[in-house]
Amino acid sequence: MDNHKVLRASRIGTLCDRALFYSVAGAEEITSEKSQRIFEVGKVLEPVIVSWLRNDGWNVKRNMFDSTNEEMSLSLEVAGGTITAHPDCIISREGGLILADIKTMNDRSFRSLKRDGTIKSHPQYADQLTIYAQALRECGHSIEQLAIVALNKNNCEGYIDYFTFEPERYEALKERAERIFALNETPEQGDRFQTWCCGYCGYSHLCELCKKDTAVGDESVPTTDNQEVIDAVELLSESRDMEKAAKELSDEAKAVLDREVHQQGIKSLRAGNLVLILNEIKSSRLDTTALKKAHPELVSEFMKQSSSVRYDLKEVA
Ligand code: SF4
């Protein structure tokens with residue numbers, strides 16, 4: 001029996017040590033249908049994104065190690081096992097070579113990549129590319145620049161985020177892999193662990209730790225593995241982000257229109273294929289605070305009780 005331990009580079013940035021251990025041990029992974037579809041859509045879009053890159057003037061060496069070429073399986077030997085690597089592509093335009101990975105993302109993920117950059121917003125991708133780069137460097141390729149080529153699945157916006165290969169990052173990943181390879185039993189989650197990753201973990205059917213309660217303030221809340229609920233919470237969080245983004249856009253637009261249209265006394269105008277009409281709204285508002293102060297008995301006489309649920313979200317580590 002072959003006991004040689006293997007870890008895929010695409011896994012090395014997994015936040016939970018325990019999930020990494022299961023992966024190395026070859027435990028059965030159960031992937032939700034939704035996750036499989038997301039993965040498949042990404043694969044289908046990859047050649048399309050490559051063709052867009054080429055249209056933009058990039059030279060793209062895609063899957064330079066294709067399945068007919070034995071160089072396809074890059075690997076790094078570390079103490080206790082092997083890390084395997086399968087880079088997406090190497091791109092170049094004017095300067096040197098850039099090792100790139102293609103990712104399709106939802107709007108929230110895409111916006112955080114643009115705002116914060118790969119290393120902060122998607123460190124697992126930076127880890128993956130760091131391993132690929134080291135494997136290429138050990139084969140004699142000169143790779144310093146790394147990039148995530150991202151496509152926003154909501155609106156087809158593209159974005160390339162560049163960052164530099166960091167030897168220290170590779171050393172930390174190598175140490176992590178060696179530590180996982182050396183384990184003989186399932187560890188705790190490790191210091192990178194974040195509770196949300198249990199919801200996407202293919203090993204949750206094996207793992208008892210994800211069922212542990214989480215402390216939020218003084219309360220202890222249980223963890224669900226109901227994927228429908230996890231998706232709904234994720235959706236609610238996305239919708240809150242979108243509301244916030246929409247409010248920011250609207251405020252930005254109104255500031256310009258107040259200055260350039262309203263304050264100039266313009267009542268309507270055509271802008272491109274849209275017509276803007278300014279309608280003055282007059283409204284009256286009941287000052288409930290003053291009313292309560294002046295006539296508290298009257299207010300309580302007409303007060304009707306009703307109840308509803310407000311969903312609050314808190315990020316936990
Ligand atoms: S279910 Fe959670 S704690 Fe368990 S292995 Fe997966 S990510 Fe780690």
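**Figure 1. Contacts and overall form of the whole chain.** Of the contacts in the protein with a separation of 6 or more, 67% join residues 24 or more positions apart; two residues are in contact if their C-beta atoms, placed from the backbone, lie within 7 Å. This is a predicted model, in which local features need pLDDT of at least 70, side-chain atom pairs count only at pLDDT 80 or more, and totals for chains, interfaces and linings use all residues. Residues are numbered from 1 along each chain as its sequence is written. The protein has nine helices and twelve strands, which are DSSP runs numbered from the N terminus (helices: H or I, at least four residues; strands: E, at least two). Its radius of gyration is 26 Å, well over the 20 Å that the globule rule gives for 317 residues, so the protein is more spread out than a compact globule. That radius is taken over C-alpha atoms, and the rule is 2.2 Å times the number of residues to the power 0.38. The C-alpha trace spans about 85 × 50 × 35 Å along the principal axes.

**Figure 2. Confidence along the chain.** pLDDT is the predictor's confidence in each residue, from 0 to 100. The mean for the protein is 88, and 95% of the residues reach 70 or more. Over residues 65-71 pLDDT stays under 50, and the model has five contacts beyond four places in sequence for them.

**Figure 3. The largest nonpolar core.** This core has 48 residues, and those with the most contacts inside it are Ile-83, Ala-85, Leu-99, Ile-131 and Tyr-132. Helix α5 (residues 123-138) gives the most to the core, with eight residues. A nonpolar core is a set of buried Ala, Val, Leu, Ile, Met, Phe, Trp, Tyr and Cys residues joined through C-beta atoms within 7 Å. A residue is buried if 20 or more other C-beta atoms lie within 10 Å of its own, exposed if 12 or fewer, and partly exposed in between, with C-beta atoms placed from the backbone. Leaving aside neighbours within four places in sequence, Ala-85 is in contact with several residues, including Ala-9, Leu-74, Ile-131 and Tyr-132. Of the 317 residues of the protein, 21% count as buried.

**Figure 4. Helix α1 and its cover.** Six of the eight residues of α1 (residues 17-24) are buried: Asp-17, Arg-18, Ala-19, Leu-20, Phe-21 and Tyr-22. Helix α6 is included in what covers them. Just after α1, Gly-26 takes a positive phi of about 75°.

**Figure 5. The shell around the ligand.** Among the residues around the ligand are Cys-16, Arg-18, Ala-19, Gln-189, Tyr-203 and Ser-204; a residue is near a molecule if its C-beta atom, placed from the backbone, lies within 6 Å of it. The shell divides into nine nonpolar, two polar and one charged. Here Ala, Val, Leu, Ile, Met, Phe, Trp, Tyr, Cys and Pro count as nonpolar, Asp, Glu, Lys and Arg as charged, and the others, Gly among them, as polar.

Figure 6. Asp-213 lies in the loop between α6 (167-182) and β9 (214-216). Asp-213 is exposed because 10 other C-beta atoms lie within 10 Å. Not counting residues up to four places away in sequence, Asp-213 touches Ser-220, Val-221 and Pro-222. Tyr-200 is in the loop between α6 and β9, and is partly exposed, with 16 C-beta neighbours inside 10 Å. Cys-156 is in the loop between β7 (145-152) and β8 (158-164), and has a positive phi near 65° in a residue other than glycine. The C-alpha atoms of Tyr-200 and Cys-156 are separated by 25 Å.
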